[in-house]
Amino acid sequence: MPSGYNKVDSTVMNKMNKVQVLRLIHNKKNISRADIVKLTGLTPPTVTRIVEQLINEDGFVKYLGIGDSNGGRPPVMVAFDGTESYVIAIDLGATLIRGMLTDLNNDIQMEIQISTELEKGYEAVMDNLATVVDRLLKRRGLIINKVLGIGIGIAGLVEGKKGVIEFSPDFGWESVNINDSLNKRISLPFIFDNSTRLMALGERAFGIGKNYRNFTVINIGYGIAAGIVIEGETVFGSQGKAGEFGHIIVDQKSNIQCQCGNYGCLEALASGRRIAALGKELFGKRESLMISELCKNDPNLIDAKLVFEAARAGDDNANKVIEVATNYLGIGIASLVNLLDPEVIFMGGGVSSNGEMFINSLKKATEGYLISRKKNLDIQPVTFGDYATLTGAFSLVVDKILRFESLQ
Ligand SMILES: [Zn+2]
């Protein structure tokens with residue numbers, strides 16, 4: 001065996017041990033050195049050396065002092081320390097670009113949002129994204145080299161490795177190279193993924209999803225998508241395109257065309273965009289007094305939220321719109337449950353934020369189509385609400401940091 005092998009092996013081994021110790025400390029928040037030895041199986045001198053490195057060189061861990069002894073030698077307590085390092089998370093949506101600066105403990109230091117200005121085209125949107133990053137970096141007192149990276153959630157078919165968005169129906173982009181565009185504008189390392197998959201990642205890392213090995217996040221907003229977790233891992237598919245739940249066809253005979261070109265896709269029939277369009281139709285035909293009243297006779301103000309509001313206020317036609325959309329969602333979600341058998345479904349996105357009543361009617365609609373006629377299907381809102389994608393973008397970066405891997 002060439003002599004270089006041992007050296008490589010020991011470097012790799014050291015890094016693996018360090019990652020194992022850091023992840024353990026991160027998970028436990030605080031822990032004694034003796035418990036690290038017990039839980040990792042590493043020797044006490046190795047643990048002491050790694051902990052010293054994590055404190056003095058990497059700055060991710062701090063001493064908490066001596067803990068309570070229960071008979072033996074008093075334990076040396078250490079804790080994860082995320083207060084000195086920062087991450088920027090970006091949620092690039094069709095309407096807004098939202099950004100937050102957080103420390104590694106996920107304490108938000110600053111957040112801003114600006115209009116995406118989709119109508120101005122791809123390059124303008126990239127400029128706006130860079131503006132959000134710049135403004136966050138200007139936070140008073142921030143030392144820029146303490147910002148370890150930027151995580152970005154984007155709606156669309158994201159091919160992570162090549163950095164290409166092949167097709168984003170929400171944005172109307174085809175074959176754009178995000179890596180190239182952002183490298184020209186941003187000097188910090190960045191990483192991005194599909195915004196719904198990031199919702200699932202954030203849910204798994206920091207949300208109620210932590211307690212489950214198999215779950216799906218369904219994001220219903222302007223479009224519809226799913227982030228799938230199977231046996232604790234998010235599903236990418238062969239080219240990063242898994243989860244295009246909005247484009248399963250739920251009504252083959254429908255004459256409603258989807259942004260993708262097909263007819264009768266779930267997204268075409270039940271997304272926020274569709275609900276808003278049907279609300280506008282009711283307004284145009286003067287078939288919903290409540291909608292006219294709520295939008296103050298300005299159809300431009302009719303969005304899905306307003307239609308839900310009209311339905312809740314007892315408007316029959318608005319209720320019919322929601323019922324039809326809910327039924328299509330039930331068909332889609334039942335297919336997904338039949339296929340994947342998740343423990344729980346988390347609902348995210350603007351449409352999903354319409355309260356318990358909506359989630360309950362969704363549950364009822366879905367249960368009607370389940371092959372097992374399984375009752376008590378567990379459907380819950382995502383843990384972080386509006387912050388689901390941002391939390392996922394944050395956890396995408398943190399995951400790399402805790403593995404000592406580079407972002408790009
Ligand atoms: Zn479609």
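1. Basis. Because the model is predicted, local features need pLDDT of at least 70 and side-chain atom pairs count only at pLDDT 80 or more, while totals for chains, interfaces and linings use all residues. Numbering starts from 1 along each chain as its sequence is written, and side-chain values use heavy atoms, with hydrogens and water left out.

2. Zinc ligands. His247 (ND1), Cys258 (SG), Cys260 (SG) and Cys265 (SG) coordinate the zinc ion at 2.0 to 2.3 Å. Donors are N, O and S atoms within 2.8 Å of the metal (3.2 Å for Na, K and Ca); water is not among the atoms, so sites may look incomplete. Along the chain the donors have the spacing H-x10-C-x1-C-x4-C. His247 and Cys265 both lie in the loop between strand 14 (233-234) and helix 7 (266-270), so the pair ties together parts that are 18 residues apart in sequence. Helices (H or I, at least four residues) and strands (E, at least two) are DSSP runs, numbered from the N terminus.

3. Zinc geometry. The arrangement is tetrahedral because the four donor atoms subtend angles of 101 to 126° around the zinc ion. The cut-off for four donors to count as tetrahedral is that all angles lie between 85 and 135 degrees. His247 is buried, and Cys265 is buried too. Buried means under 20% relative accessible area, exposed over 50%, and partly exposed in between (1.4 Å probe, protein chains only).

4. Helix 6 against helix 13. The axes of helix 6 (residues 195-206) and helix 13 (residues 388-402) come within 7 Å and cross at roughly 70°. That makes helix 6 roughly perpendicular to helix 13. The roughly perpendicular class covers 65 to 115 degrees. Axes are lines fitted to C-alpha atoms, for helices over the stretch in contact, and angles run from 0 to 180 degrees between N-to-C directions.

5. From helix 6, the residues include Leu198, Met199, Leu201 and Phe206; from helix 13, they include Ala388, Ala393, Phe394 and Leu396. Contact means heavy atoms within 4.5 Å. The contact residues divide into nine nonpolar, six polar and no charged. Here Ala, Val, Leu, Ile, Met, Phe, Trp, Tyr, Cys and Pro count as nonpolar, Asp, Glu, Lys and Arg as charged, and the others, Gly among them, as polar.

6. Thr234. This residue is in strand 14. Thr234 counts as buried, at 12% relative accessibility. Beyond neighbours within four places in sequence, Thr234 contacts Arg197, Ala200, Leu201, Arg204, Ile228 and Val229.

7. Gly348. Strand 15 (residues 344-348) holds Gly348. At 1% relative accessibility, Gly348 is buried. Its C-alpha atom is 7.9 Å from that of Met199, 149 residues away along the chain. Not counting residues up to four places away in sequence, Gly348 touches Met199, Ile218, Asn219, Ile220 and Val382.

8. Val133. Helix 4 (residues 122-137) contains Val133. Val133 is buried at 2% relative accessibility. Neighbours within four places aside, Val133 contacts Ile88, Ile90, Ile150 and Ile186.

9. Backbone points to check. Lys29 has phi near 70°, a positive value in a residue other than glycine. Lys29 lies in the loop between helix 1 (4-28) and strand 1 (30-32). Arg286 also has a positive phi, near 55°, and is not glycine. Arg286 is in the loop between helix 8 (272-284) and helix 9 (289-294). Arg286 is exposed, with a relative accessible area of 55%.

Note on methods
Four donors count as tetrahedral if all angles lie between 85 and 135 degrees; four count as square planar and six as octahedral if opposite donors are over 155 degrees apart and all others between 65 and 115; anything else is irregular. Angles under 35 degrees count as roughly parallel, over 145 as roughly antiparallel, 65 to 115 as roughly perpendicular and the rest as oblique.
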